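Here's a quick briefing for anyone meeting this structure for the first time. Have a look at the sequence and the model, then read on.

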Amino acid sequence: MAVNWSLPFEEVIYPESDRIIDPKEYSKLHDLSVKNYRKFWEGIAKEIDWYEPWKKVLDDSNPPFYKWFAGGKLNACYLCVDRHANSWRKNKVALIWEGEPYADGGPVETRKLTFGDLYGEVNRVAYMLKNVYKLGRGDVIGIYLPMVTELPIIMLAAARIGVVFTVIFSGFGADAITERLNDSRAKLVITADGAWRAGKIIPLKGIMDKALAKATTVRDVLVVKRLDGKIGMTRKRDSWYHEILAKVPANARIEPERMRSEDPLYILYTSGTTGKPKGQVHDTGGYMTILHATMNWVFDIRPEDTYWCSADIGWVTGHSYIVFGPLMEGATGIMYEGSPIFPGPDRWASIIERYGVNVFYTSPTAIRGWMKFGDEHVKKHNTDSIRLMHSVGEPINPEAFRWFHGVVGKNKITFGSTWWMTETGGILISHLPGKALVPMKPGTNGLPIMGIDADILDEDGKSQKAGERGFLVIKNPWPGLSLTIHNNPERFKEVYFSKFPGCYYAGDYAVRDKDGYFWILGRSDEVIKVAGHRLGTYELESAIVQHSCVSEAAVVGVADEVKGEVPVAFIILKVGKKPSDSLRKEINSLIRENIGPIASLKDIYFVTRLPKTRSAKIMRRVIRAVVSGVPIGDITSLEDEASINEVKAAYLEFRGELSLKTAQQS
């Protein structure tokens with residue numbers, strides 16, 4: 001049984017702009033783009049540089065394995081580097097890098113690369129890969145690096161010569177690395193001696209050595225020197241990156257390979273709650289097309305902009321919106337190495353001020369983390385340079401939206417929440433200040449971008465009306481969609497195209513409002529079914545975060561003999577606020593007021609941290625496992641393992657208190 005969503009948080013905010021259009025007007029334009037989506041995307045693809053035109057806009061002869069701009073030839077590295085280095089942008093700064101180590105009052109560690117610098121560096125690395133390591137089209141390399149400039153340089157160099165790369169997030173452990181290297185059949189691995197994170201050193205080379213003990217295809221290892229270089233090196237296998245590169249001529253040049261549009265650019269593995277990681281294979285032409293579109297429509301990127309996406313390149317957000325998207329458009333991008341709160345919670349605000357960031361792309365978790373420490377750490381820095389902000393990773397709670405829009409954006413600028421996935425390649429649902437600026441609604445993901453036919457379906461595949469919850473699907477193919485799951489095409493069909501034949505199933509629970517805005521309510525496997533009513537984790541958590549004492553919340557469902565499931569919440573309070581029974585009652589009153597008595601929380605637990613991935617997503621399945629007493633499962637993407645112990649301790653302590661009260665009352 002499903003109930004209509006009452007849109008308890010809906011409000012409309014108009015940014016200071018003379019370009020705002022009515023959502024209904026946008027809908028008319030959008031309908032035209034969807035109706036003629038092949039022709040529409042062909043027009044977008046023509047805006048980027050191709051060596052040879054495509055023979056077919058879309059080869060859909062073997063669905064769902066779609067090939068966009070089939071037969072066309074281009075090179076992703078050329079689009080990001082060469083065409084700028086050979087233009088007026090040669091001396092423009094392409095990348096500004098800042099290291100984590102921070103001397104109070106002293107200079108920070110930085111590196112700046114112009115597009116001309118980038119051209120020289122990328123060519124030399126491409127020369128090394130091709131002539132020293134004998135790598136070429138179709139070969140695979142693994143990259144296990146922290147957020148240092150060598151990471152995008154190596155990705156671009158690989159793309160230049162047709163080598164497929166798989167970036168492995170630098171927070172993964174040995175087993176996760178081995179699995180990815182073996183599945184991708186990587187021949188070369190590039191890692192670092194170590195990395196900085198929250199003031200601590202992460203021994204990346206030591207972790208990689210453990211992984212390589214079981215890796216079957218890796219024959220060579222290159223090590224980037226980030227720290228002091230005091231590590232063990234395996235003879236004949238390991239080499240220092242800087243020593244090999246020093247042997248490459250300073251003026252080395254490698255002509256970009258003319259890649260077919262449908263040729264793989266990279267493999268990126270997504271972790272699921274069950275089964276082995278899924279290696280998403282992304283093409284070249286379709287992927288670069290969706291990035292070109294969204295950099296302009298979503299980020300309204302301009303030649304003078306300094307752009308900062310605060311994600312890690314180990315995730316798809318970093319691939320798309322730190323490396324390929326911004327560089328293709330010739331933007332000046334920022335890379336920051338470490339923790340957002342090191343040495344203090346004002347680190348990110350100081351970066352915004354230091355470099356005059358104009359466009360900022362971050363996560364709801366980071367925003368809620370800022371909220372936890374109050375306004376002062378932001379207000380002591382000047383953030384007036386920002387003209388546009390977006391969030392990514394999870395749905396943003398309205399309260400977090402209002403705080404960030406007010407404190408950082410001064411209640412003036414456009415602030416949106418984007419929806420997309422590793423599998424989609426680029427943003428598919430968003431406010432679009434560069435294409436059609438519609439009014440903002442705190443908490444919504446906005447409208448589908450042009451050319452994307454998104455819908456909400458019930459269990460039977462019937463399209464839902466406004467206010468009716470259901471499953472998010474995309475009904476037409478689009479450029480940027482993953483080609484397949486590496487080595488497992490049947491799983492690709494089963495996971496994404498079997499639940500609703502002919503549609504891409506996103507795995508998200510969502511609702512659409514009367515203006516056509518989409519609201520993501522949580523992953524469909526996290527929906528809580530209370531007495532037949534489906535409740536999304538997002539709407540429950542958003543109600544909780546409205547309380548003035550609350551910084552962040554995670555809600556999960558636990559089994560109940562009468563109702564089937566009931567929600568429980570783990571809550572982080574703002575600095576200086578204390579847990580109490582009266583606070584629990586106030587929070588539950590908010591839930592009842594905003595959503596209804598059916599959503600009342602069975603229990604509330606107070607913690608200081610929640611289990612999250614390094615891509616800033618709350619691992620609700622881990623919390624649910626702790627509360628339900630079942631095995632936790634794979635936690636290779638977990639940022640802080642101690643958070644699990646805190647969740648366990650809070651649960652056991654509170655359950656003990658309840659048991660004691662029950663005994664005293666009886």
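## Salt bridges, helices and a pocket

Searching the whole structure turns up 39 salt bridges. Keep in mind that this is a predicted model.

- Let's start with Glu 109 and Arg 226, whose side chains form a salt bridge at 3.1 Å, N to O. Glu 109 sits in strand β5 (residues 108–114), while Arg 226 is in the loop between β11 (220–224) and β12 (238–240), so this pair ties together parts that are 117 residues apart in sequence.
- Next up, the side chains of Arg 620 and Glu 394 meet in a salt bridge of 3.0 Å, N to O. Here the link is between distant parts of the chain, 226 residues apart: Arg 620 belongs to helix α18 (residues 620–628), and Glu 394 to the loop between β19 and α14.
- Arg 620 is buried, with a relative accessible area of 8%, and Glu 394 is buried too, with 7%.
- Then there's Asp 508, which pairs with Arg 523 in a salt bridge whose closest N and O atoms are 3.0 Å apart. Asp 508 is part of strand β26 (residues 504–512) and Arg 523 is part of strand β27 (residues 518–523), so the pair ties together parts that are 15 residues apart in sequence.
- Asp 508 is buried, at 6% relative accessible area, whereas Arg 523 is partly exposed, at 34%.

**A network, and a buried glutamate in it**

- Some of these pairings join up: a network of salt bridges links Arg 368, Glu 394, Glu 541, Glu 552 and Arg 620.
- You'll find Glu 552 in strand β30 (residues 550–560). Is Glu 552 buried or exposed? Its relative accessibility is 3%, and buried means under 20%, so Glu 552 counts as buried.
- The side chain of Glu 552 makes a 3.0 Å polar contact with the side chain of Arg 368.
- Leaving out residues up to four places away in sequence, Glu 552 touches a list of residues that includes Thr 365, Arg 368, Val 545, Phe 570 and Lys 612.

- Helix α3 (residues 76–85) has eight of its ten residues buried. Among them are Ala 76, Cys 77, Leu 79, Cys 80 and His 84.
- What do the buried residues of α3 pack against? Their partners are β3 (73–74), α4 (115–132), α5 (150–160), β14 (264–270), α9 (285–297) and α10 (316–328).
- The N-terminal end of α3 is capped by Asn 75, with a side-chain oxygen 2.9 Å from the backbone nitrogen of Cys 77.
- Helix α14 (residues 398–407) is also mostly covered, with seven of its ten residues buried. The buried ones include Phe 401, Trp 403, Phe 404 and His 405.
- The buried residues of α14 pack against β18 (359–362), α12 (364–372), α13 (376–379), β19 (388–391), β20 (414–417) and α16 (537–545).

**The second largest pocket**

- The second largest pocket holds about 320 Å³ of space.
- Its lining is made up of 18 residues, and Ser 27, His 30, Asp 31, Pro 448 and Gly 516 lie nearest the centre.
- Which element gives the largest share of this lining? That's α1, with seven residues.
- At least two lining residues come from each of α1 (23–35), β22 (447–448) and β23 (454–457).
- By type, the lining of the second largest pocket splits into seven nonpolar, three polar and eight charged residues.

**A glycine in α4**

- Gly 116 lies in helix α4 and is partly exposed, with a relative accessible area of 22%.
- Apart from its neighbours within four places in sequence, Gly 116 is in contact with Ala 85 and Lys 90.
- Between Gly 116 and Pro 439 there are 40 Å in space, C-alpha to C-alpha, and the two are 323 residues apart in sequence.

Note on methods:
Residues numbered from 1 in each chain as written. Predicted model: local features only at pLDDT ≥ 70, side-chain atom pairs only at ≥ 80, totals over all residues. Heavy atoms only, no water. 1 Å grid on protein atoms, 1.4 Å probe; cavity = no way out; pocket = protein on both sides within 12 Å on 5 of 7 lines; lining within 4 Å. Points joined across faces, edges and corners; volume = space filled by probe spheres on them. Helix = DSSP H or I, 4+ residues; strand = E, 2+ residues; numbered from the N terminus. Nonpolar A, V, L, I, M, F, W, Y, C, P; charged D, E, K, R; others polar. Buried < 20%, exposed > 50% of the residue type's maximum accessible area, 1.4 Å probe, protein only. Contact = heavy atoms within 4.5 Å. Polar contact = N/O pair within 3.5 Å; in protein donor to acceptor, adjacent residues only side chain to side chain. Salt bridge = Lys/Arg side-chain N within 4 Å of Asp/Glu carboxyl O.
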